[in-house]
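Here's a quick tour of a helical packing arrangement, written for someone who likes the cut-offs spelled out. Have a look at the model first, then read on.

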Amino acid sequence: MQPPEAGSEVTFHSTPKADVEMLGNPNADNPFATSDPFGPSRNEPLSDDFDNVDIGNNAAPTSSGLYSGPTSDRTDGFVPAVPQKKAKANRSSKDIEKRERELDKREKALAAREAKLAQGGARGVGTDVSNKNWPRCKPLVRHHIGQDVPPGRQRLVRLGYLAWLLMFVGFCWNWLVVLIMFIAAHKKLSDWLFASLICGFGLPLSFFLWYFNLYKGAIRDTSFRWWWYFIWAFLQPILCGWIAIAPPIVGNWCAGGFTMINQFKDGHGAGYTFGIFCVINLGIWALAGFAGASATSLAMKNFRGRAQNLGGDVQMQAPAQAAPFQV
């Protein structure tokens with residue numbers, strides 16, 4: 001057969017319909033023939049294994065209670081069906097696993113909290129008293145507000161500790177100012193000795209008799225500790241006010257208000273300098289007295305609330321005990 005020449009017309013003849021019908025359907029006599037050469041035969045039954053069936057992203061339940069939707073790995077339009085109960089079971093198993101993970105997290109958090117409480121003790125229980133950590137230069141007592149004191153009383157204890165720190169600075173500053181004034185011949189030797197005595201005894205006594213009773217009372221919450229603190233708590237503002245005013249009654253061992261006035265009256269450079277030192281001392285002791293009074297006020301409120309709670313518990317227990325005898 002020769003190819004057509006260039007420029008000639010080519011005519012295509014279609015096969016008559018009768019010839020196609022006579023030849024028949026080529027797929028009719030072939031049992032393996034299918035319209036989709038890459039997919040399974042439509043005549044095969046569906047598999048009962050629905051675990052590996054992909055219902056797609058747009059699956060929706062039909063009226064028969066089955067999920068149907070386009071698949072991602074088929075192109076012939078075949079739509080498999082998945083039972084709704086199987087899908088619900090998968091979702092419920094996922095929810096159970098999620099809840100188990102949440103419970104595990106809560107158990108770990110609770111265990112960590114119990115371990116923390118066991119170390120510090122919410123009310124001093126479990127606190128290792130022998131673990132002395134204050135002061136850092138030479139530990140003498142156990143002092144850790146964050147671990148030993150309950151959260152509801154930590155603000156009270158911190159305020160009392162701030163007041164004692166101001167007293168500590170005030171004792172040291174008063175002693176130093178009186179020493180400088182004694183060297184400059186503005187104070188007597190007896191004044192400096194008395195200031196040294198007040199500083200030497202005032203520091204430890206103010207800590208153990210006043211502040212440490214507040215610290216222990218907040219931890220143990222006993223009436224004995226609270227009352228022992230209140231006895232010294234009323235003396236603390238009196239001491240702070242006395243040193244701040246510095247009345248010349250029992251010597252001039254305080255560098256306070258009256259000493260400041262006398263130094264400013266001198267009218268020379270040293271007098272003004274000592275007067276400024278006295279103003280600083282007055283301010284320190286005034287702040288210490290105010291902080292101590294505020295701590296005492298909070299302690300009184302806490303003690304009254306504790307008494308009311310104890311009274312409420314007694315009133316609640318009395319009817320319960322008398323109930324069996326009522327008619």
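## Around N281

Leaving aside neighbours within four places in sequence, N281 touches G170, W173, N174, I243, A255 and G256, where contact means heavy atoms within 4.5 Å. N281 sits in helix 9, residues 269–322. Helices here are DSSP runs of H or I with at least four residues, strands are E runs of at least two, and both are numbered from the N terminus. Is N281 buried or exposed? N281 is buried, at a relative accessible area of 0%. The cut-offs are under 20% relative accessible area for buried, over 50% for exposed, and partly exposed in between, using a 1.4 Å probe and protein chains only.

Some ground rules: this is a predicted model, so local features need pLDDT of at least 70 and side-chain atom pairs count only at pLDDT 80 or more, while totals for chains, interfaces and linings use all residues. Residues are numbered from 1 along each chain as its sequence is written, and side-chain values use heavy atoms, with hydrogens and water left out.

## The chain overall

The protein chain has nine helices and three strands. Reading from the N terminus, the order is α-β-β-β-α-α-α-α-α-α-α-α. Of the 327 residues in the protein chain, 26% are buried. Take the contacts with a separation of 6 or more: 57% of them come from residues 24 or more positions apart.

Helix 4 covers residues 154–183, which is 30 residues. From first C-alpha to last it reaches 43 Å, close to the 44 Å expected at 1.5 Å a residue; the expected span is 1.5 Å times one less than the number of residues.

R155, in helix 4, is exposed at 63% relative accessibility. R155 and L298 are 143 residues apart in sequence, yet 9.1 Å apart in space, C-alpha to C-alpha. S294 lies in helix 9 and is partly exposed, with a relative accessible area of 23%.

Two packed helices are described by the angle between their axes and the distance between the axes. Axes are lines fitted to C-alpha atoms, for helices over the stretch in contact, and angles run from 0 to 180 degrees between N-to-C directions. Under 35 degrees counts as roughly parallel, over 145 as roughly antiparallel, 65 to 115 as roughly perpendicular, and the rest as oblique.

How do helix 4 and helix 5 line up, and at what angle do they cross? Their axes come within 9 Å and cross at roughly 175 degrees, which makes helix 4 roughly antiparallel to helix 5. By class, that contact has 25 nonpolar, five polar and one charged residues. Nonpolar here means Ala, Val, Leu, Ile, Met, Phe, Trp, Tyr, Cys and Pro; charged means Asp, Glu, Lys and Arg; the others, Gly among them, are polar.

For helix 4 and helix 7 (235–245), the axes come within 12 Å and cross at roughly 30 degrees, so the two are roughly parallel to each other. M167, F171 and N174 of helix 4 meet Q236, L239, C240 and I243 of helix 7. That set divides into five nonpolar, two polar and no charged residues.

## Helix 5 against helix 6

Helix 5 (residues 189–220) and helix 6 (residues 223–233) pack at about 155 degrees, with axes 8 Å apart. That makes helix 5 roughly antiparallel to helix 6. Among the residues in this contact are L209, W210 and R220 from helix 5, with W226, W228 and W232 from helix 6. The contact's residues divide into nine nonpolar, two polar and three charged.

A cis peptide bond joins W134 and P135, with omega about -10 degrees. P135 is in the loop between helix 2 (84–120) and helix 3 (145–148).

Which residues have a positive phi without being glycine? A185 does, at about 65 degrees, and A246 does too, with phi near 55 degrees. A185 is in the loop between helix 4 and helix 5 and is exposed at 69% relative accessibility. A246 is in the loop between helix 7 and helix 8 (257–266) and counts as buried at 4%.
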